[in-house]
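Let's take a friendly walk through a protein chain together. Have the sequence and the 3D view ready, and look up each residue as it comes along.

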Amino acid sequence: MRDKALRILAVSLGFGALSVPTLALAQEEDGPKGPTMHQLATAPPVPRAHKDFSQFRYRPAGDKVVEQSDANRLMFWTPQGTPDGYAERRGNAIFYYDRTGKAVRVQELPFDEN
């Protein structure tokens, strides 16, 4: 008699353990779904960084300027869409590079702008 009661108890606990995950899944599907990780990656909810590039004086004539705020640098592109160089700030100077990566100009900044 005792063995039969233990078997019934074990079986009922087993069925109870199996039904809990299905109840949890049913509860998750009831509410509205949020965006997926892929949707968040394409349009992140964080605002883009914005920096002031007004101290960068030299800009190649006719080139399109693209700001890279996270890298603190400006990229220069020709009207045909090829890279024409970049400028980045290092310490109290701004270095301008040509399309091959060689420094072509150095603009020193006054100490009060640092």
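## Strands side by side

Strand E4 and strand E5 (residues 103-108) run antiparallel and are joined by 5 bridges. Two strands count as a pair if DSSP finds at least two bridges between them. In this pairing, Tyr 96 has Arg 105 in E5 as its bridge partner. The hairpin that E4 and E5 form has 5 residues between the strands, and Gly 101 in the turn has a positive phi of about 95°.

E4 also pairs with E3: these two run antiparallel, with 5 bridges between them. The hairpin of E3 and E4 has 2 residues between the strands, and Gly 91 takes a positive phi near 65°.

A word on where this comes from: this is a predicted model, in which local features need pLDDT of at least 70 and side-chain atom pairs count only at pLDDT 80 or more, while totals for chains, interfaces and linings use all residues. Residues are numbered from 1 along each chain as its sequence is written, and side-chain values use heavy atoms, with hydrogens and water left out.

## The whole chain

The protein chain has 2 helices and 5 strands, and from the N terminus on they follow the order α-α-β-β-β-β-β. Helices (H or I, at least four residues) and strands (E, at least two) are DSSP runs, numbered from the N terminus.

How much of the chain is buried? Buried residues make up 18% of the 114 residues. Buried means under 20% relative accessible area, exposed means over 50%, and partly exposed lies in between (1.4 Å probe, protein chains only). The accessible surface of the chain comes to about 9300 Å², and 58% of this belongs to carbon and sulfur atoms. Such areas come from the Shrake-Rupley method with a 1.4 Å probe, and for residues only the protein chains shown count as cover.

## The nonpolar core

Which residues make up the largest nonpolar core? There are 8 in all: Phe 53, Phe 56, Leu 74, Phe 76, Ala 87, Ile 94, Tyr 96 and Leu 109. E2 and strand E4 (93-97) each supply at least two residues of this core. A nonpolar core is a set of buried Ala, Val, Leu, Ile, Met, Phe, Trp, Tyr and Cys residues joined through side-chain atoms within 4.5 Å.

E4 is mostly covered, as 4 of its 5 residues are buried. Take Ile 94: leaving out residues up to four places away in sequence, its contacts include Phe 56, Ala 87, Glu 88, Arg 105 and Leu 109. Contact means heavy atoms within 4.5 Å.

## Charged partners

Now look at Glu 88, which sits in strand E3 (residues 83-90). Is Glu 88 buried or exposed? Glu 88 is buried, with a relative accessible area of 12%. Among the residues that Glu 88 contacts beyond four places in sequence are Asn 72, Arg 73, Phe 95 and Tyr 97.

Glu 88 also takes part in one of the 2 salt bridges counted here. A salt bridge is a side-chain nitrogen of Lys or Arg within 4 Å of a carboxyl oxygen of Asp or Glu. The table lists both pairs.

| Salt bridge | N to O distance |
|---|---|
| Asp 84 and Arg 99 | 2.6 Å |
| Glu 88 and Arg 90 | 2.7 Å |

Asp 84 lies in strand E3 and Arg 99 in the loop between E4 and E5, so this pair ties together parts that are 15 residues apart in sequence. Asp 84 counts as buried at 16% relative accessibility, whereas Arg 99 counts as exposed at 57%.

## Two residues in loops

Arg 57 is found in the loop between helix H2 (37-42) and strand E1 (64-68). Arg 57 is exposed, with a relative accessible area of 59%. Leaving out residues up to four places away in sequence, Arg 57 touches Tyr 96 and Gln 107. The C-alpha atoms of Arg 57 and Gln 107 are separated by 8.2 Å, although the two are 50 residues apart along the chain.

Gly 81 belongs to the loop between strand E2 (73-77) and E3. With 45% relative accessibility, Gly 81 counts as partly exposed.
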